[in-house]
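Have the model open while you read.

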Amino acid sequence: MRPHFRLAVGSIAFCALLSACSAVSPATDPPGLDGTAWVLAALPGLMLLPRRSVTLHFEAGRASGTDGCNRYAVPYAASGSALTFASGGVSTQMACEAEVMRQAGDFMSSLTGTRSYRVDAGQLQLHGADGTLLASLTPQPQGLAGTTWRVSGYNNGRQGVASVLAGTTVTMAFSVDGRVSGSAGCNSYSATYTSSESSLRFGPASTTRRMCATPERIMEQEQQFLKALERVTTARQEGDRLELRAADGALAVSLVNDSEGNP
């Protein structure tokens, strides 16, 4: 009887070992979303429009970004892999081309239809109630070093944001050695910059000494732009757009990525 008993015990132990080895580890929850920022990479079945970045930023229970035309903000709830966006929310009311508005509508529909998410190979995937993939997004680049931008608006120092004068171009190029340079519209300029996460500050700017007569107010624009840089404390990228803001949250400079010749 004892040999048989030892054999039975050994068989049980062996089977237990096999079970432990073959057990499937339980699925782990995907990484948390709070504080992350993403850019739309795909809407299944649709071709995304060029140079119309769609973004999604998660912060303290609020999802916000641009749908390619308007800025939006909507509450969200996430628990484990479950994710839902409220059907309400707020949005600006700009009118864009019909195809841009259609893409924006498709994206917002994908948000309201989302019931779960996963992060696969660095991409955020939004899924519907039946598991259908609704949208894929890639992480929003945050580093400024090596990027080139064209200014679209600047704080004029009179509690307003002015557009760049027609016929002029104001640029910013961030080098990897901590310097920013470009054209202020008439003169070239350069300055140091320091950045960490969302914070950004510029040192005093040095410029060439040209005087330009046309277009009218070009020298005023240049002075106001350089003055706006002195107020910058934070930077935030959304797709191909960059916003530089002052400590009080006021917009100091708005820019569009010019690395690939965006219009």
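## Ground rules

"Buried" here means under 20% relative accessible area, "exposed" means over 50%, and "partly exposed" is in between (1.4 Å probe, protein chains only). This is a predicted model, where local features need pLDDT of at least 70, side-chain atom pairs count only at pLDDT 80 or more, and totals for chains, interfaces and linings use all residues. Residues are numbered from 1 along each chain as its sequence is written, and side-chain values use heavy atoms, with hydrogens and water left out.

## The disulfides

C69 bonds to C96, S to S 2.0 Å. The torsion about their S-S bond is about 90°, so this disulfide is right-handed. C69 is buried at 10% relative accessibility.

C186 and C212 make another disulfide, with sulfur atoms 2.0 Å apart. Its S-S torsion is about 80°, so it's right-handed. C186 is buried at 7% relative accessibility, and C212 is buried at 17%.

## Helix α2

Helices (H or I, at least four residues) and strands (E, at least two) are DSSP runs, numbered from the N terminus. Helix α2 covers residues 98-113, 16 residues in total. Its buried residues are V100, Q103, A104, F107, S110 and L111.

Definitions and conventions:
The expected span of a helix is 1.5 Å times one less than its number of residues. A disulfide is a pair of cysteine sulfur atoms within 2.5 Å.
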